[in-house]
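Colleague: I'm new to reading structures. Could you walk me through this one, feature by feature?

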Amino acid sequence: MILIYAGRVNWFTDRHWFLLAVIFYGLSTIYSVSLWRRGFRKDNRVNYLLLLAGFGCHVTAMGLRGFSLQQCPVNNLFEATMFVGWAIVTAYLVIGLVSGLRFLGAFVSPLMFFLGVFALMPALDPPHGPKPEFTGAGVSLHAAFILQAYGAFGLAAVAGLMYLSQEHNLKFHKLRAFASLLPPIQRLEIISARLLRNGFILLTVGLVIGVIVIGQHKDGYFTDVKVIWSLLVWALYLGLLVMRWKFAQGGRRFAWGAVAAFAFVLLTFWGTNLLSPLHHHP
Amino acid sequence: MSVVVIGLSHRSCPVEVRERFAFAEARIPEALQALRGAGIAEEAVIVSTCNRVEIYAATALEPGPAFAALKQFLLYALAEPQSLHHLFKVAGGLDSMVLGETEILGQLKKAYDLALQHRHTGARLNKAFQRAFNTAKQIRTDTNIQRGSISIASVAVELAEKIFTSLGEHEVLVLGAGDTSEKTARALMSRGARGVVFANRSPERAQLLAAELGGRAVPFEDWPAQFDRVDIAISSTSAPHFILDPPRLEPLMKQRRHRPLLLIDIAVPRDIDPAVNYLENVYLYNVDDLQTIADDYLKLRHDEIRRCEQIISEKVMVLLTPQNLRRQ
């Protein structure tokens, strides 16, 4: 949306800032390809700085959108995807302060680039019509918790992918397994499991807030497609966690579970949003 | 005045010859004094290690007479610029028996410090050695000459570190106490493994090794019972058949709640059925797998020699520019 400051039109909108962020994520992705080829040995600082620059533009875009709406910018799919991406990059930038873990950017940047390109599709960001039926701090909190949960699930899937790649190389005695800077597979599994657990807690809190803030005031809340879908996602992640802790189904199966569950979220998030009257404001 | 080197190393003669030329550390200052006193060298450094004995000298003599004087000690002789090139190669580990090893750099520094302390070096050799140390550092940083493990034991340790978060939380089982399995167990213990269990058909050998490495010995037939405690197993028995196969390992993995298990099979004929590698969370490496990785690393190092030589040539050329020589 075009912003108006003191009577003049600011043509550089929040979407432009986000586009700039996606360009930085794209540059970082190109750079990551070379890092993959070289086994993450060097120059991870450049990747970190590119992601940091992207993050700066990303935050500016979110800030501009948030100030213009006077609430947390999570009212359509563009905003929601932008929020999930923000959670992922924030987590990476904090983790990347430890220089030994900075190479994770090589995995985060492609994810951010594709999320960004997806978010920029015009259909995902229709002009806001009348104010949504449910607004305010409770709704913002509900959306923020849930989207941060998806951010954590996204990072768990990234750790799962790293696990699968390294585990395959170790199983088949590839020199790549030794040459790469990836952490030990046991640590990758622990990281993935912790992210999944934290994401699950955030999702649970977000859903409970949703029931309290919206569910009590709206008939048909529990038959809404998005609500049913969210409960399904919640059950899916609960299943993964129970399988790991109760039935010792860790390792490759758990990593595949984390990747597949997040792929399911990515592929169905948009569709269920469009079908949900509660979450889609035509 | 130019820098010359005369010496012998593992490349030019066997240990039986090298040991005859080696200098005891306490004798080096005296030998340096003798070299300078006889007018053979103005400045001198003697490097004496298990693999080489070399004398670097800055001398006013022409190379021919200088070598003739020095040859009574050692066998190879090089004049500038090859002498400096040689020094830089030695510092970078390019002339070592184990290509790219770093121990020689420490030994070279020690030799130089000894000569420096006794004031047997001056502007020429000070600059040459300091440049050699800097170049060795650059080679280490900018090339892959020191990358990777090139022995079976060190590859096994690296492998364990790629699987487990911290070796301090994991115990090692050694089945059959052969030489390579013992070395591997020692390497794992030196990298902080929590403990080691020896199971050998001869209990005395197992007890001896356990006492030496601070581990424990168990009767050979009890080894399956150890599998719920250990996460790394090294096998080198002389059994003529597989002692571990999928039907035997599957129930053990259930007992372990599918924790990752690293199996290192050093035995020939093999002790572990290769099919166990298809079980989830099991990583099996036999002696050929480990040797292949070590060889790949060595090949990687050999591929870097040309890059290292190029760096060295540039640095030596800079050291020998007229401006640099005037300053010295």
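Modeller: Happy to. In chain A, 44% of the 282 residues are buried. Keep in mind that this is a predicted model.

Colleague: How many helices and strands does chain A have?

Modeller: Chain A has 9 helices and 2 strands. Reading from the N terminus, the order is β-β-α-α-α-α-α-α-α-α-α.

Colleague: And what share of the contacts in chain A with a separation of 6 or more comes from residues 24 or more positions apart?

Modeller: That share is 77% in chain A.

Colleague: Which strands does E5(B) pair with?

Modeller: Here's a general idea to start with: side chains in a regular strand alternate between the two faces of the sheet. Now the case here. E5(B) runs parallel to strand E6 of chain B (residues 195-200), joined by 5 bridges. One pair to look for is B:Glu171, whose bridge partner in E6(B) is B:Gly195. E5(B) also pairs with strand E8 of chain B (residues 230-235), again in the parallel sense, over 5 bridges. There, B:Val174 stands opposite B:Ile234 of E8(B).

Colleague: What sort of unit do E5(B) and E6(B) make with helix H8 of chain B?

Modeller: A right-handed β-α-β unit: E5(B), then H8(B) at residues 179-190, then E6(B).

Colleague: Now helix packing. At what angle do helices H6 and H12 of chain B cross?

Modeller: The axes of H6(B) (residues 123-142) and H12(B) (residues 305-319) cross at roughly 150° and come within 10 Å. An angle over 145 degrees counts as roughly antiparallel, so that is what H6(B) is to H12(B). The crossing is right-handed. On the H6(B) side, the contact includes B:Lys127, B:Arg131 and B:Ile139, while H12(B) brings residues including B:Cys308, B:Ile311 and B:Leu319.

Colleague: Last one: how many residues does each chain bring to the contact between A and B?

Modeller: In general, the size of an interface is often given as the accessible area lost when the parts come together. Here we can go by residues: 15 from chain A and 18 from chain B. On the chain A side, helices H5 (137-171), H6 (175-179), H7 (185-213) and H9 (251-275) each supply at least two residues. H7(A) gives the most, with 4 residues.

Key:
Residues are numbered from 1 along each chain as its sequence is written. Chains are lettered from A and ligands numbered from 1 in the order in which they are written. This is a predicted model: local features need pLDDT of at least 70, side-chain atom pairs count only at pLDDT 80 or more; totals for chains, interfaces and linings use all residues. A residue is buried if 20 or more other C-beta atoms lie within 10 Å of its own, exposed if 12 or fewer, and partly exposed in between; C-beta atoms are placed from the backbone. Two residues are in contact if their C-beta atoms, placed from the backbone, lie within 7 Å. Two strands pair if DSSP finds at least two bridges between them. A crossover is right-handed if, with the strands pointing away from the viewer, the path from the first strand over the helix to the second runs clockwise. Axes are lines fitted to C-alpha atoms, for helices over the stretch in contact, and angles run from 0 to 180 degrees between N-to-C directions. Angles under 35 degrees count as roughly parallel, over 145 as roughly antiparallel, 65 to 115 as roughly perpendicular and the rest as oblique. A crossing is left-handed if the near helix is turned anticlockwise from the far one by less than a right angle, and right-handed if clockwise.
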